[in-house]
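Biologist: I would like to go through some ring contacts and hear the reasoning behind each label. Please take me through them.

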Amino acid sequence: MLQFDIPAIVQGYAHGYFLMANGSDGKLGWYSSRERALIPLDERFRYPRSLQRVLNQERFTVAVSRDFPAVVEGCANRETTWISPELKEIYRELHLAGIAHSFETWRGNELAGGILGIVIGGAFIGESMFYRIPEGSKVAMVKLVERLRERQFIFFDAQMSNPHLERFGSYIVSDREYKTLLKKALRRRCFLH
């Protein structure tokens, strides 16, 4: 089994970098971005009206890290993925260290969807999300934002924007703004559980 320097990895995230495997050769590297997409934790957060009906029906329950390995596999199970076997192992070790978590939706005993993320201080750094049952990841997003608000997190980093995240009100901040928020977040101790 590979050994990773978990404190050094946490420091990388604490300095605004994120890990990704290169698509062509699967080699792991640190990346940063001139812009970051954040999911708002204030009144700017929104979601499609059709999702409100699903939430009202209470089709799903939520859990934190009930089946972390299944969420990692679900996030990696794509035609093209940046979650390499090595990165899966890093997430596993970060999870054992209490840093990586999965925020999950369940329908009975079936995993419906989930969001994989890293918690450092008051920052939730979303790494990936997936669903097995329609609306599973969307409900996870709404319930995770509620949880992050309750626990007084500073921000929810979605890393890169896309049309799906824009439907939830995602917005872009510069690297400088991101680092300022990150400094503030690192002074806070927040927990997902």
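Modeller: This is a predicted model. Take Phe156 to begin with: its relative accessible area is 3%.

Biologist: Why is Phe156 called buried?

Modeller: Buried means under 20% relative accessible area, and Phe156 has 3%, so the label applies. Phe124 is buried too, because its value of 0% also falls under 20%.

Biologist: What makes Phe124 and Phe156 an aromatic pair, and why is the pair called edge-to-face?

Modeller: Their ring centres are 5.2 Å apart, which is within 6.5 Å, so they pair. The planes make an angle of 85°, which is over 60, and therefore the pair counts as edge-to-face.

Biologist: How do you know that this pair links distant parts of the chain?

Modeller: Phe124 is in strand β7 (residues 123-131) and Phe156 is in strand β8 (residues 155-159), 32 residues apart.

Biologist: How many aromatic pairs does a search of the whole structure find?

Modeller: Six. One of them joins Tyr13 and Trp30, with 5.6 Å centre to centre and 75° between the planes. Since 75° is over 60, this pair is edge-to-face. Tyr13 belongs to helix α1 and Trp30 to strand β2, 17 residues apart.

Biologist: Why is Trp30 called partly exposed?

Modeller: Its relative accessible area is 37%, which lies between 20% and 50%, so Trp30 is partly exposed. Tyr13, at 2%, is under 20% and therefore buried.

Biologist: What makes Arg36 count as sitting over the ring of Tyr178?

Modeller: The charged end of Arg36 is 4.1 Å from the ring centre, and the distance cut-off is 6 Å.

Key
Residues are numbered from 1 along each chain as its sequence is written. This is a predicted model: local features need pLDDT of at least 70, side-chain atom pairs count only at pLDDT 80 or more; totals for chains, interfaces and linings use all residues. Side-chain values use heavy atoms; hydrogens and water are left out. Rings of Phe, Tyr and Trp (its six-membered ring) pair if their centres lie within 6.5 Å; planes under 30 degrees apart count as stacked, over 60 as edge-to-face and the rest as tilted. Helices (H or I, at least four residues) and strands (E, at least two) are DSSP runs, numbered from the N terminus. Buried means under 20% relative accessible area, exposed over 50%, partly exposed in between (1.4 Å probe, protein chains only). A charge sits over a ring if NZ of Lys or CZ of Arg is within 6 Å of the ring centre and within 35 degrees of the ring normal.
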